Amino acid sequence: MTILLRALMAIAAALALAPPALAQSAVDLGPRGAVHAAAGPRAGAAPMAPPTAAAGAHPLTAEDVSAWLDGFMPYALRRGNIAGAVVVVVKDGQLLVEKGYGVADVKTRALVDPETTLFRPGSVSKLFTWTAVMQQVEAGKIDLDRDVNAYLDFKIPPAFGKPITMRQLMTHSPGFSDAAKDLIASDPKRVRSLEASLKAAIPARIFPPGTTAAYSNYGAALAGYIVQRVSGEPFAQYVERQIFTPLGMARSTFAQPLPSGWSRDMSKGYQLASGPAQPFEFIAASPAGALTTTGADMARFMIAHLQDGAYQGGRILDAKTAELMHSPQFRPVPPLPAMALGFYQEPANGRRAIGHAGDTIAFHSDLHLFLDDHVGLFISMNSGGDAGAAHYLRGSLFQAFTDRYFPASELAQPTWKDAARDGRVLSGRYVSNRRSDSGWLRLAAYLLGQAKVTADKDGIVTVSAFRGPDAQPKHWREIGPFLYQEVGGKNRMAAVVRDGKVLWLAADDTPPVLALQPTPAWLSAAWNFPLFIATLAVLALTVVLWPLVAVVRWRYGKRFALAGRQAWLYRLTRAVCLLDLVFLLSWFGLLAVGTTHLELLSGASDGLLRLIQLVGLIGVVGVVVPLANAALILPDGQKSWWAKASSALIAVACVATVWFAFTQGLITPGLAY
């Protein structure tokens, strides 16, 4: 599921980590699967004319695709330290190729079988939720533009004077702050019902509805709950009856835990193929990412959407409904790809393509539909791989597939005449639109996750967050007003600029639900991050020297020189520094562990969070002590320069801790994040 994991992984990118170390794996990566010849559309397929093949295009046949995948996947998995994957290609209403690569279980060496091995495609699950929504739109039970509160038994609080609609949920534009709490658990006893999880923590609204596409798992789960309410049956049961059964998807379920007997076919999930298997991931917001399925079943789903809802003589959607679902609805950053209803547009050498990605901690997936070509591509991997190798692999697979079978000639365009000036306009610090603004995870976005945009004298722009497979930032050349072409590549970048001010910046190699927004000067990491590092350094040095100086005095028989008020202020100041240091480091420890153990970001950790906040609150109130200590020492002519400088630095560090506590959401009345 494309959940907060991607946002946390972006922290590493923002800190400019080294390129992926694609380590060797001991996994056997031989292909296993079936190749199916495309024999024409099945019953119910829409009539179509074959698209004209571009010069240099390879024939999209079972034989060519199979040979190409066999040359691409085993090497990529081995180099990426990924245990196994399934890849499926459909064409003209038929399964063209289905392949299993690597192993589903490193320990038992069980090979991936595309017909039977179960994968967790994460946020690709949302496409089933959105399909269910459109079925209820057809039935007249859901109006895309009506206030969603009309369908709920609880209320989404008003914000910005406008209601949230289903169309906004489907285009990820209701304006919700991102949320990670209680999203994934390894213990089924900790998973609340869909209803309970939605009512327990409604995310804050940080954008006016309909103005900003910001990815929201809560929004998708809310849509699934609305389907449950208007249909009168549990969401998982509804999807099974109305989508899985008509499509013959007998090996697919939203049930958690899995139905009896299914576990033996469930692929293990790994962070690294060379590491231990991860526990089964329970998704509380089930409509947003709880699907378990096979490659063969996903082929049926792709075929149905490529045929505008038709499959083997039946339908899961009327043709007009499917066409509406696939059509652009909201374009956050023109002229880049738009959001459709649940799907998003993708750059595909000029072809009309839509898709969706999905990530859990262990599984990483992509689904792509070339609508006019009636071709679908699905990949799911059971490991994240070294330095996020799975992310780059699936992106490279899609791009290479598109270039091989749907190539396009890139026309060279001259550099825009105002490139240098526009580069200066773009330069600065940016924060992702997908962020938590209501709790301690603000620090992941504002302190650690900011992107830096720079431009050279010729107007070539570099964005630290937009990186290639080599993990290095891409460079962009302006070819039109705030429209950029990747230097040496095919991707585009664009900015929305009004009255000389940048509103949004985005690239087409990421979904249109992700964009960058200029950071307010008071939250800029350009000075906040150095201040934070300096604060930690001063606090740590003060805490370490406190006992060390005492030991030195004892060793040489020296008495403590201070007495009375000065002695108490000295000791209390260092106690406040210790509390502040523990307070700040605790959040980063929780963030570091939570990046790979999202189950820790749950209500079970509320007690720990309150304890950390209590420590911080004492430190915040205690800031008066180092300030009083500095006020006592600085005017004293008998004090050394070191005593004066250190007391001033300590006071500044403690005041900075108060600044970070409140600007980064580290001390809050509630525990939503």
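Start by selecting helix α3 together with helix α8, which covers residues 295-306. This is a predicted model, so keep that in mind as you look around. The two helices pack at an angle of about 45°, and their axes are 12 Å apart. That angle makes α3 oblique to α8. The crossing of this pair is left-handed. Now show the side chains: on α3, pick L127, F128 and T131, and you'll find them meeting M298, F301 and H305 of α8. Colour the contact by class and you get four nonpolar residues, two polar ones and no charged ones.

**Next stop: the other partner of α3**

Which way does the crossing of α3 and α9 go, left-handed or right-handed? It's right-handed. To see who does the touching, select L127, W130, T131, M134 and E138 on α3, then T321, L324 and M325 on α9. By class, this contact has five nonpolar residues, two polar and one charged.

**A pair running in opposite directions**

Two numbers are handy for any stop like this: packed helices are described by the angle between their axes and the distance between those axes. Select helix α2 (residues 62-80) and helix α10 (residues 389-405). Here the angle is about 160°, and the axes are 11 Å apart. Angles over 145 degrees count as roughly antiparallel, so that is how α2 lies against α10. This crossing is right-handed. From α2, the contact uses D64, V65, W68, L69, F72, M73, A76, L77 and G80. From α10, bring up A389, L393, S396, L397, A400, F401, R404 and Y405. Sort the contact residues by class and you'll find 13 nonpolar, two polar and two charged.

**Now for the empty space**

Rolling a probe the size of a water molecule over the atoms shows where empty space is left.

How many cavities of 30 Å³ or more does the structure hold? Four. Head for the largest cavity, which holds about 320 Å³ of space. Select A179, K181, S197, A201 and Y218: of the 24 lining residues, these lie nearest the centre of the cavity. Helices α5 (194-200) and α6 (217-231) each supply at least two residues of this lining. By class, the lining of the largest cavity has 15 nonpolar, five polar and four charged residues.

The second largest cavity has about 70 Å³ of space. Its lining includes P332, V333, L336 and P337, along with A506, A507 and D508. Also select T510, P511, P512, L514 and A515, which line this cavity too. Ten residues of the lining are nonpolar, one is polar and one is charged.

Finish at the second largest pocket, with a volume of about 590 Å³. Zoom in on Y570, R574, W642, A643 and S646, the closest to the pocket's centre among its 24 lining residues. Then show α13 (525-555), α14 (564-594), α16 (624-633) and α17 (641-663), each of which supplies at least two residues of the lining. Which helix gives the most? That's α13, with seven residues. Colour the pocket's lining by class to wrap up: 14 nonpolar, six polar and four charged.

Conventions:
Residues are numbered from 1 along each chain as its sequence is written. This is a predicted model: local features need pLDDT of at least 70, side-chain atom pairs count only at pLDDT 80 or more; totals for chains, interfaces and linings use all residues. Side-chain values use heavy atoms; hydrogens and water are left out. A crossing is left-handed if the near helix is turned anticlockwise from the far one by less than a right angle, and right-handed if clockwise. Helices (H or I, at least four residues) and strands (E, at least two) are DSSP runs, numbered from the N terminus. Contact means heavy atoms within 4.5 Å. Ala, Val, Leu, Ile, Met, Phe, Trp, Tyr, Cys and Pro count as nonpolar, Asp, Glu, Lys and Arg as charged, and the others, Gly among them, as polar. On a 1 Å grid over the protein atoms alone, a cavity is a set of points where a 1.4 Å probe fits but cannot get out, and a pocket is an open set with protein on both sides within 12 Å along at least five of seven lines; lining residues have an atom within 4 Å of a point. Grid points are joined across faces, edges and corners, and a volume is the space filled by probe spheres set on the points. Axes are lines fitted to C-alpha atoms, for helices over the stretch in contact, and angles run from 0 to 180 degrees between N-to-C directions. Angles under 35 degrees count as roughly parallel, over 145 as roughly antiparallel, 65 to 115 as roughly perpendicular and the rest as oblique.
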